[in-house]
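Please consult the sequence and the model shown here alongside the text.

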Amino acid sequence: PIGHSDRELTKRYFPPFVAALKAGARSVMAADNSVDGLPAHQNRHLLTDILKRDWAFKGFVISDASGTSGATVLHMTEANTASAAQHAFDAGLDVVFQSSYGQQRPYLDAFQRGLIPVGQIDASVSRVLRVKFELGLFEHPYVDAEAAESQRPMHRGIARTAALESIVLLKNEPRVLPLAKTVKSIAVIGVDAEE
């Protein structure tokens, strides 16, 4: 959403996140969208002022895959990936998530050039380590594969129930879908259309 007031964000967009944090979520993934003209990955108001300060979130913020560099290729608000990383960590990002080896190089450049202060690195590492300690990952770093496999039917059942309960059925009156082949154009209107 672009240009939404804090009141609208609080009433409309924040409740699911607040509920997830109250339920015990220990990490939050930044979104690829922008809020008030700033990519969410570089949005200090969202990541630090609201999430970490106002909501007292003690976990860590992780980027979406390639989301940090999205400021350079999607939003066009950053000159390069190193500056995007610098501004993301300054805004409150703690972890850059990439999906394959080699993709870390542009981010590593920001660290090696000193664009991200050592104090920020220490704070981010502390947040990640705190969660790992809370989860007992240092005492028990490996999953019991057999125990995890035994839970699969239950997890599939939960996923199926969630999928079924999230389906929205729309009436197809007066038989608008599928669109006729004679339709030459369609108007898409509203904020989401503009983005």
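Which residues does Ser124 touch, not counting residues up to four places away in sequence? Ser124 touches Phe89, Leu93 and Asp94 on that basis. The model is predicted, and the points below describe it by topic.

- Helix α7, which spans residues 118–134, contains Ser124.
- Ser124 has a relative accessibility of 3%; because buried means under 20%, Ser124 counts as buried.

**Packing of α1 and α2**
- The axes of α1 and α2 cross at roughly 60° and come within 6 Å.
- On the α1 side, Leu9, Thr10, Lys11, Arg12 and Tyr13 take part in the contact, and they meet Pro15, Pro16 and Phe17 of α2.
- Classified by residue type, this contact of α1 with α2 comprises five nonpolar, one polar and two charged residues.

**The largest pocket**
- The volume of the largest pocket is about 400 Å³.
- Its lining consists of 18 residues, of which Phe14, Phe17, Ala31, Ala40 and Leu46 are the closest to the pocket centre.
- Two or more lining residues come from each of α1 (6–13), α2 (15–22), β1 (27–29) and α3 (44–54).
- The element that gives the most to this lining is α3, with four residues.
- The lining of the largest pocket has 17 nonpolar residues and one polar residue, and no charged residues.

Technical notes:
Residues numbered from 1 in each chain as written. Predicted model: local features only at pLDDT ≥ 70, side-chain atom pairs only at ≥ 80, totals over all residues. Heavy atoms only, no water. 1 Å grid on protein atoms, 1.4 Å probe; cavity = no way out; pocket = protein on both sides within 12 Å on 5 of 7 lines; lining within 4 Å. Points joined across faces, edges and corners; volume = space filled by probe spheres on them. Nonpolar A, V, L, I, M, F, W, Y, C, P; charged D, E, K, R; others polar. Buried < 20%, exposed > 50% of the residue type's maximum accessible area, 1.4 Å probe, protein only. Contact = heavy atoms within 4.5 Å. Axes fitted to C-alpha atoms, helices over the stretch in contact; angles between N-to-C directions.
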